[in-house]
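Hello,

Here is the structure for you to look at. My notes on what was found follow below it.

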Amino acid sequence: MRKGWFILMGAVLGVGALTLSYFGNPANTGLCISCFMENIAGAMGLHDNIRMQYLRPEIIGLVLGAFFMSLARREFVPSGGSSPLLRFMIGFFLIVGCTIFIGCPVKMVLRITSGDIGALVGLAGLISGIYIGLEFIENGFRLGAPSPQPKANSLIIPLFMVFLLVLVFVEPSFVYKSTKGSGALRAPVLLSLGIGLLIGAMAQFTQFCITGGIARIFLWGPREVLNCPRSTGLLMSLGSFFVFALFASILTGQFHFGLHGQPSSNDSYGWAFLGMMMVGLGSVLIRGCPLRQLIASAQGDNDAGAAVLGMLVGAALSQSWDLAGTPDGTPIAGQIAVLAGLAIMLSVGVLNRRRGYGIAPEYQAGLD
Amino acid sequence: MTTAQDSHNRQSCRIGMEDCVEDEPLTLKSLDRLDRLVIIALTVIVVAGSLIVAGHSGQSEAAKGVNGVSRQAVVIISPEFDNKLKVANTLLSSGNIDKAGELINGMIEDYPYDGRPYMLLGDLHVHNQQPVLAMLEYRKGVDLNPDFLDKKAELFRGKQIKNILEEAHVAISSGLEKNPDNPQLKERLEILYYMLRRVAGSCG
C-alpha cells in the first residue's frame, strides 16, 4: 500500500475532527469515541444525564464507512469465538478509562494539538499501558484464535448502526436529544455523517489504530520498526494525524496553549494517567483502541462487536454511576473503577497466559 | 486410535499443533517474573482502593459535600421567588447595594439549592469591585445550576463570568506575588482554574 494513503488517513482524521468541532461539536471534541458513545447511550435512554443525549452520526458513519469499504475490498470476513465475554468486559473498562481522562485516544491527540499540555499525561499513561500489555502478549497471553462465523452474526453491528441512522432522521419520541449541555453541541447531521463515513472507510482501508501504531514501536524496537511496511504506515498515519490536527486547530482558532482553562480537562493528572494506562493495556489485550474496535466490528469481527457492546454499556454506566471525570476532578466511584479495571485486566493477563510461550498466533497477524 | 477427547484437545489447542499440551495448573513454582510483578501490582491496587474507600467512608457527610458539578439544575418555581429576584436585580442596577445584599442573603437562606441568588450575590460583589469574591459566589451558582455556563440555555452568562475570572486572576496573581505562601490565595487560585475549566466546557 502506498505511503500516501497512510498520510491521507491522518489528514482526514485530523482535519475532519477539527472541522466537526468548528461547525458545532464541543471544543476539543470533534471526534471522541468515548464521549460520543456516552451520547448515544443517553439517547437510547441507558443513562439519565440530560446533557449527554444525542445519537452521534459520527459513530454511525465510522461503522458504516468501514462496513462499505470492507465489502468493496472483499475484506468483510465474519469471524468470532475468541473470548467474546472477556472482550465485552475489557471494552467496558476501555470506555471507563477514557471517561476518567475525559477522552479516548483520538480525543487525546485532539486535546494535545489544541494546546492542552495536560493531555500529555494521558499520552504517557496510554504508552505505559501499551507497554504493560505487550509484556503479556510477548509472554504467551492469548484469548483464543477466532474462527469463521455465519455471515448473519457479523451483520449485527452494521445493521444496528443502520437502525440508529434511521432513528437520527425519524427522531421518534423514545429517542432522547439534549437541548442543552455538550449533547446539544453538534455539527450538522449530514456533515457529521459524511466525515464519519470518510474516516471509517479510510480507517478500514489503512487498518488505522492509535494503540497499534505505538505498540509496534515497542514490538519492533525504534530501529527495526521502520523496516516493517505496516508499522511504518501506522506511524505515518499517527504523525500525519498529529500534524494536520495541529495545523487545523491553529487555522480555525481552536488552539489555546496552556495547562489551565482547557476544555474537557481537570487537574486529576494521576487518575488521568491511570485511566489511559487502563485504555492502553486493554487495547493491546483485545487488539485495538476503541476506534479500531468499531472499525473491526464493521468488517465482520464479532469479537470486536462484543467489545463495542461492552463499550456502550461502559459509556452508559460511566454516566449513571458517576464514574466519569469532571472539571472538578475524578469522583471516588471513578477512582475505584479505574483501580478495579486495572486489577481485572492484570488478572485476565495472568490467567490467560501460556507460560514459556511467545506471541500467540492471533496476535502475530500483520507482524510478519 | 483417536479418541473424541484427543480430537477435542487438538481443536482447543491454540499454539502449535505439534506441541499442544493442556494448560498447566497455576502453582507457586510455575510463577515467573511477570506473574510476580502482577501480584505486587494487584496488592498495591487493593491497598490503594481500600484506603480510598476507608478515607471516603470516614469523612463526615458535610465534608463529602457535593461532587463539584451537578448535572441537573434545581430551579425554584415560585412567583414570590421570581419577584424577589426581579427586585434584587432592580436594587443592584440602581446602586442600592445594602438593600440588595439583605434581600439576596435572605433568598439564599430560604432557597439554598437554587443557583440564581448566588449569581446575584456575585453581581453584588462585582458592583463593589471585588472580582475574587464574585468568582466564589459564581462558583456556587454554577455548581448548583450548570445552565449559567451552557451556551444553549437561557440563563447563559459565560462571557460575563469569563471577564470576571480574568479580573480575579489579576487580583489573585498580584496577591500571590506579594505573599506567595498565602493558603487562602492558593485555594482561590485553584477555584479560579476550576472555573476556567468550567467556562471552557466539557463533556458531561
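Predicted model: local features only at pLDDT ≥ 70, side-chain atom pairs only at ≥ 80, totals over all residues.

Asp322(A) is partly exposed, with a relative accessible area of 40% (buried is under 20%, exposed over 50%, partly exposed in between; 1.4 Å probe, protein chains only). Its phi is near 55°, a positive value in a residue that is not glycine. Asp322(A) sits in the loop between α14 (302-320) and α15 (332-351) of chain A.

Residues are numbered from 1 along each chain as its sequence is written, chains are lettered from A and ligands numbered from 1 in the order written, and side-chain values use heavy atoms, without hydrogens and water.

Gln129(B) counts as exposed, at 70% relative accessibility.

Now the interface. 44 residues of chain B are in contact (heavy atoms within 4.5 Å) with 54 residues of chain A. The rule finds 8 salt bridges across the interface of chain B and chain A (a side-chain nitrogen of Lys or Arg within 4 Å of a carboxyl oxygen of Asp or Glu). One of them joins Asp35(B) and Arg353(A), with the closest N and O atoms 2.9 Å apart.

Best wishes

Notes. Helix = DSSP H or I, 4+ residues; strand = E, 2+ residues; numbered from the N terminus.
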